[in-house]
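Q: Please take a close look at one part of this model, the interface between the two chains, and describe what it is made of.

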Amino acid sequence: MGGLAEKLKQILEVEEEAKRKIEEAKRKADEMKEEASTRAQELMRELDSRVREEILRIKREREKKTEERINEILERAREEARKLKEEVANKMNDAVKTLFEKVLEVKI
Amino acid sequence: MKRIIVGEEKISKFIEEIKRKADEEIKRIIENAKREAENIINRAERELERRVEAKISQETSSLEEEDKRRVAEARLEARRMILEVKEKAISSVFEKLKSQLREFTRTQDYVEVLSKLVCEAGIALGGGELIVEVNEDHKNLNINWDEVARTIEEKTGKPTKISVSYTHVSDIGGAIVRTADGRFTFDNTFEGRIDRMQKTLRLLAAKRLFE
(Lines give C-alpha, C1' and ligand atoms only; values in the text may rest on other atoms or scores of the structure.)
Protein backbone atom coordinates (compact mmCIF):
# COMPACT_ATOMS: atom_id res chain seq x y z
CA MET A 1 0.00 0.00 0.00
CA GLY A 2 2.94 2.22 0.75
CA GLY A 3 4.01 1.99 -2.91
CA LEU A 4 0.58 2.88 -4.16
CA ALA A 5 0.36 5.90 -1.88
CA GLU A 6 3.70 6.96 -3.17
CA LYS A 7 2.45 6.63 -6.73
CA LEU A 8 -0.71 8.58 -5.96
CA LYS A 9 1.39 11.30 -4.44
CA GLN A 10 3.53 11.29 -7.54
CA ILE A 11 0.41 11.63 -9.72
CA LEU A 12 -0.84 14.52 -7.67
CA GLU A 13 2.55 16.20 -7.89
CA VAL A 14 2.68 15.72 -11.67
CA GLU A 15 -0.84 17.06 -11.97
CA GLU A 16 0.06 20.06 -9.82
CA GLU A 17 3.17 20.64 -11.89
CA ALA A 18 1.13 20.35 -15.10
CA LYS A 19 -1.46 22.81 -13.78
CA ARG A 20 1.29 25.20 -12.74
CA LYS A 21 2.92 24.98 -16.17
CA ILE A 22 -0.44 25.53 -17.89
CA GLU A 23 -1.15 28.53 -15.69
CA GLU A 24 2.33 29.78 -16.48
CA ALA A 25 1.64 29.28 -20.20
CA LYS A 26 -1.66 31.16 -19.88
CA ARG A 27 0.12 34.03 -18.14
CA LYS A 28 2.74 34.02 -20.85
CA ALA A 29 -0.02 33.98 -23.49
CA ASP A 30 -1.74 36.91 -21.80
CA GLU A 31 1.59 38.76 -21.72
CA MET A 32 2.11 38.07 -25.42
CA LYS A 33 -1.33 39.44 -26.25
CA GLU A 34 -0.77 42.41 -23.96
CA GLU A 35 2.56 43.15 -25.68
CA ALA A 36 0.89 42.83 -29.06
CA SER A 37 -1.85 45.25 -28.00
CA THR A 38 0.74 47.70 -26.70
CA ARG A 39 2.69 47.44 -29.95
CA ALA A 40 -0.54 47.97 -31.91
CA GLN A 41 -1.24 51.12 -29.89
CA GLU A 42 2.33 52.31 -30.51
CA LEU A 43 1.83 51.72 -34.23
CA MET A 44 -1.28 53.88 -34.15
CA ARG A 45 0.62 56.58 -32.32
CA GLU A 46 3.20 56.46 -35.14
CA LEU A 47 0.45 57.43 -37.59
CA ASP A 48 1.03 61.17 -37.46
CA SER A 49 4.78 60.98 -37.82
CA ARG A 50 4.45 58.37 -40.62
CA VAL A 51 2.02 60.64 -42.46
CA ARG A 52 4.19 63.71 -41.90
CA GLU A 53 7.27 61.91 -43.22
CA GLU A 54 5.42 60.50 -46.21
CA ILE A 55 3.80 63.84 -47.06
CA LEU A 56 7.17 65.57 -46.78
CA ARG A 57 8.71 63.01 -49.13
CA ILE A 58 5.85 63.35 -51.64
CA LYS A 59 5.95 67.13 -51.31
CA ARG A 60 9.69 67.23 -52.06
CA GLU A 61 9.23 64.95 -55.06
CA ARG A 62 6.32 66.97 -56.42
CA GLU A 63 8.06 70.27 -55.67
CA LYS A 64 11.04 69.19 -57.76
CA LYS A 65 8.84 68.04 -60.65
CA THR A 66 6.68 71.17 -60.51
CA GLU A 67 9.72 73.44 -60.41
CA GLU A 68 11.15 71.64 -63.45
CA ARG A 69 7.83 72.00 -65.26
CA ILE A 70 7.54 75.70 -64.40
CA ASN A 71 11.14 76.38 -65.46
CA GLU A 72 10.50 74.55 -68.71
CA ILE A 73 7.37 76.65 -69.42
CA LEU A 74 9.14 79.93 -68.60
CA GLU A 75 12.29 78.99 -70.49
CA ARG A 76 10.22 78.09 -73.55
CA ALA A 77 8.40 81.43 -73.27
CA ARG A 78 11.71 83.35 -72.95
CA GLU A 79 13.02 81.59 -76.05
CA GLU A 80 9.78 82.32 -77.92
CA ALA A 81 9.93 85.97 -76.80
CA ARG A 82 13.56 86.25 -77.95
CA LYS A 83 12.72 84.83 -81.40
CA LEU A 84 9.64 87.04 -81.63
CA LYS A 85 11.73 90.15 -80.89
CA GLU A 86 14.09 89.22 -83.73
CA GLU A 87 11.24 88.60 -86.17
CA VAL A 88 9.49 91.80 -85.14
CA ALA A 89 12.65 93.87 -85.59
CA ASN A 90 12.85 92.65 -89.19
CA LYS A 91 9.22 93.46 -89.92
CA MET A 92 9.06 96.81 -88.10
CA ASN A 93 9.72 99.08 -91.10
CA ASP A 94 7.15 97.28 -93.22
CA ALA A 95 4.53 97.66 -90.46
CA VAL A 96 5.29 101.38 -90.01
CA LYS A 97 5.05 101.90 -93.78
CA THR A 98 1.65 100.16 -93.90
CA LEU A 99 0.26 102.27 -91.04
CA PHE A 100 1.73 105.45 -92.52
CA GLU A 101 -0.06 104.82 -95.80
CA LYS A 102 -3.28 104.01 -93.95
CA VAL A 103 -3.19 107.25 -91.93
CA LEU A 104 -2.57 109.27 -95.09
CA GLU A 105 -5.38 107.51 -96.93
CA VAL A 106 -7.81 110.41 -97.23
CA LYS A 107 -11.09 109.71 -98.97
CA ILE A 108 -12.76 112.69 -100.53
CA MET B 1 3.74 -8.75 -6.74
CA LYS B 2 2.89 -9.00 -10.46
CA ARG B 3 -0.32 -7.01 -9.95
CA ILE B 4 1.61 -4.24 -8.22
CA ILE B 5 4.10 -4.09 -11.17
CA VAL B 6 1.20 -3.83 -13.66
CA GLY B 7 -0.29 -1.10 -11.46
CA GLU B 8 3.02 0.74 -11.37
CA GLU B 9 3.33 0.55 -15.15
CA LYS B 10 -0.18 1.92 -15.53
CA ILE B 11 0.54 4.69 -13.08
CA SER B 12 3.76 5.57 -14.91
CA LYS B 13 1.86 5.65 -18.20
CA PHE B 14 -0.86 7.72 -16.54
CA ILE B 15 1.77 10.18 -15.30
CA GLU B 16 3.31 10.34 -18.77
CA GLU B 17 -0.16 10.92 -20.20
CA ILE B 18 -0.73 13.79 -17.76
CA LYS B 19 2.62 15.32 -18.76
CA ARG B 20 1.96 14.85 -22.49
CA LYS B 21 -1.50 16.38 -22.26
CA ALA B 22 -0.13 19.26 -20.21
CA ASP B 23 2.63 19.83 -22.79
CA GLU B 24 0.05 19.73 -25.58
CA GLU B 25 -2.17 22.17 -23.71
CA ILE B 26 0.78 24.49 -23.08
CA LYS B 27 1.80 24.26 -26.75
CA ARG B 28 -1.78 25.02 -27.82
CA ILE B 29 -2.08 27.96 -25.45
CA ILE B 30 1.24 29.48 -26.60
CA GLU B 31 0.50 28.88 -30.28
CA ASN B 32 -2.93 30.42 -29.93
CA ALA B 33 -1.46 33.37 -28.11
CA LYS B 34 1.20 33.79 -30.82
CA ARG B 35 -1.46 33.66 -33.51
CA GLU B 36 -3.66 36.10 -31.68
CA ALA B 37 -0.72 38.46 -31.05
CA GLU B 38 0.21 38.26 -34.73
CA ASN B 39 -3.39 38.99 -35.66
CA ILE B 40 -3.47 42.00 -33.35
CA ILE B 41 -0.25 43.37 -34.91
CA ASN B 42 -1.41 42.55 -38.45
CA ARG B 43 -4.75 44.23 -37.90
CA ALA B 44 -3.02 47.26 -36.42
CA GLU B 45 -0.57 47.41 -39.33
CA ARG B 46 -3.35 47.11 -41.88
CA GLU B 47 -5.37 49.79 -40.11
CA LEU B 48 -2.28 51.99 -39.93
CA GLU B 49 -1.63 51.57 -43.67
CA ARG B 50 -5.27 52.33 -44.42
CA ARG B 51 -5.22 55.48 -42.32
CA VAL B 52 -1.83 56.56 -43.70
CA GLU B 53 -3.08 56.07 -47.26
CA ALA B 54 -6.31 57.91 -46.55
CA LYS B 55 -4.48 60.86 -45.01
CA ILE B 56 -1.87 60.91 -47.77
CA SER B 57 -4.54 60.76 -50.45
CA GLN B 58 -6.30 63.69 -48.78
CA GLU B 59 -3.06 65.69 -48.45
CA THR B 60 -1.87 64.75 -51.96
CA SER B 61 -5.07 66.04 -53.44
CA SER B 62 -4.45 69.48 -51.92
CA LEU B 63 -0.81 69.32 -53.08
CA GLU B 64 -2.03 68.54 -56.59
CA GLU B 65 -4.30 71.56 -56.50
CA GLU B 66 -1.39 73.73 -55.38
CA ASP B 67 0.85 72.35 -58.16
CA LYS B 68 -1.86 72.93 -60.76
CA ARG B 69 -2.27 76.50 -59.54
CA ARG B 70 1.49 77.16 -59.76
CA VAL B 71 1.78 75.64 -63.25
CA ALA B 72 -1.25 77.66 -64.39
CA GLU B 73 0.41 80.81 -63.00
CA ALA B 74 3.59 79.97 -64.89
CA ARG B 75 1.58 79.52 -68.10
CA LEU B 76 -0.05 82.91 -67.52
CA GLU B 77 3.36 84.46 -66.87
CA ALA B 78 4.65 82.87 -70.10
CA ARG B 79 1.68 84.25 -72.03
CA ARG B 80 2.21 87.64 -70.40
CA MET B 81 5.88 87.61 -71.53
CA ILE B 82 4.88 87.02 -75.15
CA LEU B 83 2.06 89.57 -74.99
CA GLU B 84 4.47 92.11 -73.53
CA VAL B 85 6.84 91.66 -76.47
CA LYS B 86 3.93 92.03 -78.88
CA GLU B 87 2.53 95.07 -77.07
CA LYS B 88 5.95 96.75 -76.99
CA ALA B 89 6.39 96.05 -80.71
CA ILE B 90 3.02 97.59 -81.54
CA SER B 91 3.76 100.62 -79.34
CA SER B 92 7.09 100.96 -81.09
CA VAL B 93 5.34 100.89 -84.48
CA PHE B 94 3.03 103.72 -83.35
CA GLU B 95 5.98 105.76 -82.05
CA LYS B 96 7.85 105.30 -85.31
CA LEU B 97 4.68 106.11 -87.25
CA LYS B 98 4.29 109.43 -85.40
CA SER B 99 7.94 110.20 -85.90
CA GLN B 100 7.61 109.42 -89.63
CA LEU B 101 4.49 111.61 -89.88
CA ARG B 102 6.37 114.44 -88.14
CA GLU B 103 9.11 114.16 -90.75
CA PHE B 104 6.48 114.00 -93.47
CA THR B 105 5.04 117.40 -92.41
CA ARG B 106 8.37 118.92 -93.41
CA THR B 107 8.04 117.67 -96.99
CA GLN B 108 6.30 119.23 -100.00
CA ASP B 109 3.83 116.32 -100.22
CA TYR B 110 2.37 117.32 -96.85
CA VAL B 111 0.74 120.42 -98.37
CA GLU B 112 -1.43 118.25 -100.60
CA VAL B 113 -2.25 115.84 -97.79
CA LEU B 114 -3.21 118.69 -95.43
CA SER B 115 -5.53 120.10 -98.09
CA LYS B 116 -7.15 116.70 -98.43
CA LEU B 117 -7.46 116.39 -94.64
CA VAL B 118 -9.28 119.72 -94.48
CA CYS B 119 -11.49 118.74 -97.44
CA GLU B 120 -12.40 115.45 -95.83
CA ALA B 121 -13.31 117.19 -92.56
CA GLY B 122 -15.21 119.97 -94.34
CA ILE B 123 -17.21 117.49 -96.38
CA ALA B 124 -18.00 115.48 -93.27
CA LEU B 125 -19.26 118.69 -91.60
CA GLY B 126 -21.43 119.43 -94.63
CA GLY B 127 -19.57 122.57 -95.83
CA GLY B 128 -20.82 126.11 -95.12
CA GLU B 129 -18.91 128.50 -92.96
CA LEU B 130 -15.92 126.64 -91.57
CA ILE B 131 -13.03 127.47 -89.29
CA VAL B 132 -9.84 125.57 -90.02
CA GLU B 133 -7.30 125.36 -87.23
CA VAL B 134 -3.74 124.42 -88.10
CA ASN B 135 -0.40 124.72 -86.30
CA GLU B 136 1.28 128.17 -86.19
CA ASP B 137 4.24 126.93 -88.24
CA HIS B 138 1.81 126.10 -91.08
CA LYS B 139 1.56 129.79 -91.95
CA ASN B 140 4.38 129.30 -94.40
CA LEU B 141 2.73 126.40 -96.17
CA ASN B 142 1.48 127.20 -99.62
CA ILE B 143 -2.13 126.01 -99.33
CA ASN B 144 -4.78 127.18 -101.72
CA TRP B 145 -7.68 127.61 -99.29
CA ASP B 146 -10.04 128.79 -102.04
CA GLU B 147 -9.50 125.56 -103.91
CA VAL B 148 -10.08 123.60 -100.72
CA ALA B 149 -13.36 125.51 -100.17
CA ARG B 150 -14.34 124.84 -103.78
CA THR B 151 -13.75 121.11 -103.43
CA ILE B 152 -15.89 121.01 -100.27
CA GLU B 153 -18.59 123.01 -102.02
CA GLU B 154 -18.57 120.64 -104.99
CA LYS B 155 -18.93 117.61 -102.77
CA THR B 156 -21.53 119.03 -100.38
CA GLY B 157 -23.39 121.30 -102.77
CA LYS B 158 -23.30 124.00 -100.12
CA PRO B 159 -21.51 127.35 -100.50
CA THR B 160 -18.40 127.10 -98.39
CA LYS B 161 -16.21 129.71 -96.82
CA ILE B 162 -13.05 128.93 -94.91
CA SER B 163 -11.42 130.99 -92.15
CA VAL B 164 -7.98 129.79 -91.09
CA SER B 165 -6.79 130.03 -87.53
CA TYR B 166 -3.13 129.38 -86.68
CA THR B 167 -2.78 127.87 -83.25
CA HIS B 168 -1.25 124.81 -81.68
CA VAL B 169 -3.54 121.95 -82.66
CA SER B 170 -1.18 119.03 -82.90
CA ASP B 171 2.31 117.83 -82.01
CA ILE B 172 2.52 116.26 -85.44
CA GLY B 173 0.29 117.90 -88.02
CA GLY B 174 -3.12 117.94 -89.64
CA ALA B 175 -6.06 120.21 -88.94
CA ILE B 176 -9.13 120.68 -86.79
CA VAL B 177 -12.17 121.90 -88.71
CA ARG B 178 -15.15 123.47 -86.95
CA THR B 179 -18.46 124.83 -88.14
CA ALA B 180 -18.58 128.61 -87.62
CA ASP B 181 -21.43 128.26 -85.14
CA GLY B 182 -19.15 126.00 -83.06
CA ARG B 183 -21.66 123.16 -82.99
CA PHE B 184 -19.58 120.59 -84.83
CA THR B 185 -15.88 119.79 -84.89
CA PHE B 186 -13.90 117.34 -86.98
CA ASP B 187 -10.46 116.52 -85.56
CA ASN B 188 -8.35 115.59 -88.57
CA THR B 189 -4.98 116.07 -86.91
CA PHE B 190 -2.75 113.02 -87.25
CA GLU B 191 -3.27 112.26 -83.57
CA GLY B 192 -7.04 112.46 -84.11
CA ARG B 193 -6.85 110.16 -87.11
CA ILE B 194 -4.65 107.68 -85.26
CA ASP B 195 -7.10 107.67 -82.34
CA ARG B 196 -10.08 107.06 -84.59
CA MET B 197 -8.27 104.37 -86.53
CA GLN B 198 -6.67 102.84 -83.45
CA LYS B 199 -8.32 99.41 -83.76
CA THR B 200 -7.71 99.12 -87.51
CA LEU B 201 -4.13 100.31 -87.19
CA ARG B 202 -3.36 97.91 -84.33
CA LEU B 203 -4.79 95.06 -86.36
CA LEU B 204 -2.74 96.04 -89.40
CA ALA B 205 0.40 96.36 -87.30
CA ALA B 206 -0.24 92.96 -85.68
CA LYS B 207 -0.75 91.36 -89.09
CA ARG B 208 2.46 92.85 -90.44
CA LEU B 209 4.50 92.01 -87.36
CA PHE B 210 3.24 88.64 -86.25
CA GLU B 211 1.92 86.83 -89.30
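A: In this predicted model, the contact draws on 59 residues from chain A and 71 residues from chain B. Together, chain A and chain B bury about 6,200 Å² between them, and carbon and sulfur atoms account for 81% of that area. On the side of chain A, the three residues that supply more of the buried area than any other three are A:L99, A:V103 and A:I108, which give 11% of what chain A buries against chain B.

Polar and charged pairings are also found here: there are eight salt bridges between chain A and chain B, and across the same interface the rule finds 11 residue pairs in polar contact, counting pairs with both residues at pLDDT 80 or more. A salt bridge joins the side chains of A:D94 and B:R208, with 3.8 Å from N to O.

As for the elements involved, α1 (2-45) and α2 (47-103) of chain A each supply at least two residues of the side that touches chain B, and the largest share of that side, 33 residues, comes from α2(A). Sorted by class, the side of chain A that touches chain B holds 32 nonpolar, four polar and 23 charged residues.

Note on methods:
Residues are numbered from 1 along each chain as its sequence is written. Chains are lettered from A and ligands numbered from 1 in the order in which they are written. This is a predicted model: local features need pLDDT of at least 70, side-chain atom pairs count only at pLDDT 80 or more; totals for chains, interfaces and linings use all residues. Side-chain values use heavy atoms; hydrogens and water are left out. Contact means heavy atoms within 4.5 Å. Buried area is the accessible area (1.4 Å probe) that two parts lose on being put together, summed over both. A salt bridge is a side-chain nitrogen of Lys or Arg within 4 Å of a carboxyl oxygen of Asp or Glu. A polar contact is a pair of N or O atoms within 3.5 Å; within protein, one must be able to donate a hydrogen and the other to accept it, and residues adjacent in sequence count only if both atoms are side-chain atoms. Helices (H or I, at least four residues) and strands (E, at least two) are DSSP runs, numbered from the N terminus. Ala, Val, Leu, Ile, Met, Phe, Trp, Tyr, Cys and Pro count as nonpolar, Asp, Glu, Lys and Arg as charged, and the others, Gly among them, as polar.
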